[in-house]
Each structure stands twice: as structure tokens, then as C-alpha cells.
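Biologist: I have a structure open and I'd like to learn how to read it. Could you take me through the features one by one?

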Amino acid sequence: MDDYQTCPKCKTTKYRNPAMILMVNACGHALCESCVELLFAKGSGACPECKCPLRRNNFRIQLFEDPAVDKEVDIRKRILKEFNKRQEDFPTLREYNDYLEEVETIIFNLVFDIDPTNTNKMIDNYKKENKDITQKNRNRQSQEEMELEELLEAEKAQQCEKANLYVNAELEEKKQKHKAREKLIDELMFSDADAKSIVASHAQATAALAKEQPKAAAQAGSGVVKSSKFSSGIQIGLRGHHTNSFLPIPKQEDLPLYRYTAPVFDYDGPPPPSIEMLGKLNYFANIRAANITERAGGYTEAMSCCRALQEAMGGLFYSPQSTHKTAVLATISTEDTDDMETT
């Protein structure tokens, strides 16, 4: 893919120069870092592809393979800094969804250069009309980011403390095993007791120590300072200075339990036979039987047969009254004919 990363001015590729750094401007076209330096050596320059006037401080390192993606990311960041309203700023969900759709339309127009003049005018008008709300949401967003950063740091510190406790527990376990081994060797060397009894007592002591190690590890884990907050920032039964910044969890009403009701199919024609009657009516004579693999998934030939019959019957239209109406109309027409002949 390095062959496609080419500077449009000097035609240098990433394959020939792996150290080449591509930079993207607001127009979405890329230039290598050397060409950018040469372009602004005279003080100003234009894009070699679209001839758009460029500024040195607007260039940024290309992060994606496609420079159009970098352009969209930059435009999206810039627009969302101004269009930062939330759902609670709107009276209804419908208005909030319309607002989000309008924001996406603005981003789409700027990315693909669709009527940029009117789009920029719309952005300027929005900035003037919603200046206070935008600033308020920025402050609230920065405060939430700080709170989230504090939570992440606290969780990271707790994880480090817990890891250190487990490491210390493992070191203590190794020390105890080493002491028990030395004690066994000393007893075998200097004790007058039987070697089998010494080894048996050592095995019992080792087994008892192995049972106590999980308890010690659990106690070490419980010694970690428990967090007073969830990762979302909600307090766990403790009062803090961030409690009021989160909305309470809404209470759900007690709803009735779900009860299954069989579906009712409306057929304008004659109803199809039930799936239990298909075998008795010999409908499976011309249908391929399901194999072992299909039956393992719960499929049977009765399902496809029943569905085919339901679809066939669902397309029919039959009314018993239509025959009666036809007979009545025929009688009336016959009587009219007889009257005309009599006349």
C-alpha cells in the first residue's frame, strides 16, 4: 500500500523513501514535508492539485492512508466544537434527532465542497445565535473530562496496588516454601526420628500451607482500597463532590409479565391445513426429506411445506357471497329479457 502514498508534487513514494512524512491541509490534499518547506520558503503557496491558497499552520501530519479521511476528521472536530448541544437542550427527541441530522449535513457539505459559501454562513449564524449555550456545554464537557481523567487515574492506582500485593504474596509464598525445605533437610540431618515420619509430617505441613495460601491471597485482595465510584462516575453509597453532576437512575414501573399469544393469520381464501395434518394428508410425498444436518438445527420438511401452503393460500381471494350475487344478477337479467320479449 506504500505505492499509493505518493507526493503529488515531487512524485516521491513511501516505497522509495520510507522516511517520507505526508502532511494534509484543509483542502484534503497531501504534500510531503520537504515540499511543504519548499512551498513556503517564498512566504506563500497554493495547492498543486486544486490551486487553493494554503497556510503553513494549517498543515498536519497525515494519519490515515486516504487524505480525505484526515480532512473529514479535521472538519468533524471543528464543527462539533461549535455544535455541541445535548439531548437535554431540546424539548423532544425528534428535535434533537433533526439537530444531529443538520450537523451531519453540514459536515457532508464541507467534506465534499457542496455549497461551501452558504454552509459557512449557516455556521456563522449558528455561532452568533447559540454562543451562550455553546460556551456552557464546553465548560460542562471539560469538567466531565477532568472527572473522567481522575477516575481513570484512581483505577490505575488501584490496579497497580493490587498487582503489588499479589507480587508480595507470591514472594512470601516462595520464602515459606524455601524455609520448609531447609527445615526438612535439617531434620533429616540432625534429628533422631524416623525419616519416613519426618517426610510425612513435612507433607502434612505443606498441604496445610497450600490450603492457607488462597485465604491469604483473598485477604490481600480485600486489603485493596475499594473504589467509592463506578467507572461511569456514580458514587457507591458514599457522598462526594461529584455526586450532583450525575442524574439519578430513573425508577422503572412494574410492568406485567410477558404472555405469549399465538399469531392469527387472516386468509381471504380457504385456510391451509395445519402442520400436524400435513403428514396425514400425504403432503410429503413430493418433498425432499430433511437430512441429519438439517434436523440437528431443528428443521423439518413439514416447516417448508406448511410455509409454501400458507403463501399459496394467502394470495387467493374467495368470498362465498360472490356466487350468490352472480346467481341473483343472472336471474334479474333473465327476467329483464323475458319482459322485453313479452313487450
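This is a predicted model: local features need pLDDT of at least 70, side-chain atom pairs count only at pLDDT 80 or more; totals for chains, interfaces and linings use all residues.

Biologist: How do E1 and E2 pair?

Modeller: The general idea is that strands of a sheet pair through backbone hydrogen bonds, either parallel or antiparallel. Here, strand E1 (residues 22-24) and E2 pair in the antiparallel sense over three bridges. Two strands count as paired if DSSP finds at least two bridges between them. Strands (E, at least two residues) and helices (H or I, at least four) are DSSP runs, numbered from the N terminus.

Biologist: And what is the order of the strands in the open sheet?

Modeller: The order is E2-E1-E5, three strands with antiparallel pairing. Strand E2 (30-32) and E5 are at the edges with a single partner strand each, so one side of each has no neighbour in the sheet.

Biologist: How many helices and strands does the chain have?

Modeller: Nine helices and five strands. Along the sequence the pattern reads β-β-α-β-β-β-α-α-α-α-α-α-α-α.

Biologist: What about burial: what share of the 343 residues counts as buried?

Modeller: Of the 343 residues, 19% count as buried. Buried means under 20% relative accessible area, exposed over 50%, and partly exposed in between (1.4 Å probe, protein chains only).

Biologist: Which residues make the nonpolar surface patch?

Modeller: Ile21, Ile61, Leu63, Phe64, Val69 and Val73 make a patch of about 500 Å². The rule for patches takes residues with over 30% relative accessible area and no salt bridge; like charges are joined within 9 Å, nonpolar side chains (Val, Leu, Ile, Met, Phe, Trp, Tyr) within 5 Å. The areas come from the Shrake-Rupley method with a 1.4 Å probe, and for residues only the protein chains shown count as cover. Take leucine 63: it sits in the loop between strand E5 (60-61) and H2, and at 69% relative accessibility leucine 63 is exposed.

Biologist: On to the rings. How many aromatic pairs are there in the whole structure?

Modeller: A pair of aromatic rings is described by the distance of the centres and the angle of the planes. Rings of Phe, Tyr and Trp (its six-membered ring) pair if their centres lie within 6.5 Å; planes under 30 degrees apart are stacked, over 60 edge-to-face, and the rest tilted. The search finds seven pairs. In one of them, phenylalanine 83 and tyrosine 99 have ring centres 6.4 Å apart and planes at 35°, so this pair is tilted. Phenylalanine 83 is in the loop between helix H2 (67-82) and helix H3 (93-111), while tyrosine 99 is in helix H3, so the pair ties together parts 16 residues apart in sequence.

Biologist: Are phenylalanine 83 and tyrosine 99 buried or exposed?

Modeller: Both are buried. Ring pairs also link Phe83, Phe90, Tyr96, Tyr99 and Tyr126 into a cluster.

Biologist: Now charges. How many salt bridges are there?

Modeller: Ten, where a salt bridge is a side-chain nitrogen of Lys or Arg within 4 Å of a carboxyl oxygen of Asp or Glu. One of them joins aspartate 113 and lysine 71, with the closest N and O atoms 3.7 Å apart. That pair links distant parts of the chain, 42 residues apart: aspartate 113 is in the loop between H3 and helix H4 (116-129), lysine 71 in helix H2. Aspartate 113 is exposed at 53% relative accessible area, whereas lysine 71 is buried at 7%.

Biologist: Which residues are linked in a network of salt bridges?

Modeller: Glu72, Arg76 and Glu104. Glutamate 104 belongs to helix H3 and arginine 76 to helix H2, 28 residues apart.

Biologist: And where are arginine 307 and glutamate 311?

Modeller: They are four residues apart in helix H8, which means a separation of about one helical turn.

Technical notes. Residues are numbered from 1 along each chain as its sequence is written. Side-chain values use heavy atoms; hydrogens and water are left out.
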